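Let's take a walk through this model, one spot at a time. Have the viewer open and follow along.

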Amino acid sequence: MSVEERLQDVKARIGKAERLSKRSAGSVTLVAVSKTFDAQDIRPAIAAGQRVFGENRVQESQGKWPELKAETPGIELHLIGPLQSNKAVDAVALFDVIETVDREKIARALADEIRKQGRAPKLYVQVNTGLEPQKAGIEPKQTVAFVELCRRELGLSIEGLMCIPPAEENPGPHFALLAKLAKECGVEKLSMGMSGDFETAVEFGATSVRVGSAIFGAR
Ligand SMILES: *Cc1c(COP(=O)(O)O)cnc(C)c1O
């Protein structure tokens, strides 16, 4: 199947999951995860109408997205990988949504850059729902206080939460936990679900799903 066909297939599956969980059509945004693929591989997805993309590395994104964004107006680029504070300057300049805010140091660096550049990407907080030591994200029980700190002390507008459940576990309880925390924090956006579990994520209230290999193929 071509990228265009796989994209159509994923969109149809999202539509079906929306109907099954009685959510309105189009309420879930597809973030096409293009990490490791180059501009040439990504262009067919843009030609097929896809406008929202996810990348996990700032430096890799700088090599392809300025050009792709210049070619097509209306691209929305999400950072979905860990962010170092020395990369905040580049992340704020390039990304439209940064989904991986997970500690005070990075939140402060982003607040500084947003002020300096006069450019304000939307921000989500990443939650380590599985408490995995090797995984980024704030602990679930610290999430509400962290979102409050971002808002009150740093003046950041936090719009959503994001999680990556442990690979070997049933993702449902992790998605349910993220949805519960979002309610407690008063944020509307829920970024959860990947190629293997995005339909489940839609069922649990995802407002965006991050799908890579089901669209672009194996990495
Ligand atoms: C790579 C990646 C994805 C996409 O994973 P697939 O299984 O290829 O769909 C989603 N979210 C994050 C944070 C990723 O790094």
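Where is the place of lysine 64? Lysine 64 sits in the loop between α3 (58-62) and α4, where helices (H or I, at least four residues) and strands (E, at least two) are DSSP runs numbered from the N terminus. Before going on, a word on the ground rules: this is a predicted model, so local features need pLDDT of at least 70 and side-chain atom pairs count only at pLDDT 80 or more, while totals for chains, interfaces and linings use all residues. Residues are numbered from 1 along each chain as its sequence is written, and side-chain values use heavy atoms, with hydrogens and water left out.

Is lysine 64 buried or exposed? With a relative accessible area of 5%, lysine 64 is buried; the cut-offs are under 20% for buried, over 50% for exposed and partly exposed in between, using a 1.4 Å probe and protein chains only. A polar atom of the lysine 64 side chain lies 2.5 Å from the backbone oxygen of phenylalanine 37. Not counting residues up to four places away in sequence, lysine 64 touches Ser34, Lys35, Thr36, Phe37, Asp38, Ala39, Ile42 and Glu55, with contact meaning heavy atoms within 4.5 Å.

One of those partners, threonine 36, deserves a look of its own. Threonine 36 lies in the loop between β1 (29-33) and α2 (39-47), and has a positive phi of about 75° although it is not a glycine. Threonine 36 is exposed, at a relative accessible area of 53%. Leucine 131, in the loop between β5 (122-127) and α7 (143-152), also isn't a glycine and has a positive phi, near 50°. Leucine 131 counts as exposed at 53% relative accessibility.

Next, the aromatics. A pair of aromatic rings is described by the distance of the centres and the angle of the planes. The structure holds three aromatic pairs, where rings of Phe, Tyr and Trp (its six-membered ring) pair if their centres lie within 6.5 Å, and planes under 30 degrees apart count as stacked, over 60 as edge-to-face and the rest as tilted. Among them is the tilted pair of phenylalanine 53 and tryptophan 65, 4.9 Å centre to centre with 45° between the planes. Phenylalanine 53 belongs to strand β2 (residues 52-55) and tryptophan 65 to helix α4 (residues 65-71), so the pair ties together parts that are twelve residues apart in sequence. Both phenylalanine 53 and tryptophan 65 are buried.

Over in the loop between α8 (172-185) and β7 (189-191) you'll find valine 187, buried at a relative accessible area of 9%. Leaving aside neighbours within four places in sequence, valine 187 is in contact with Arg151, Ile158, Glu159, Gly160, Leu161 and Ala182.

The largest pocket holds about 350 Å³; on a 1 Å grid over the protein atoms alone, a pocket is an open set of points where a 1.4 Å probe fits, with protein on both sides within 12 Å along at least five of seven lines, and lining residues have an atom within 4 Å of a point. Of the 19 residues lining the largest pocket, Lys35, Ile80, Ile164, Met194 and Arg210 are the closest to its centre. The second largest pocket is lined by Asn56, Arg57, Val58, Gln59, Pro82, Leu83, Gln84 and Lys87.

Conventions:
Grid points are joined across faces, edges and corners, and a volume is the space filled by probe spheres set on the points. A polar contact is a pair of N or O atoms within 3.5 Å; within protein, one must be able to donate a hydrogen and the other to accept it, and residues adjacent in sequence count only if both atoms are side-chain atoms.
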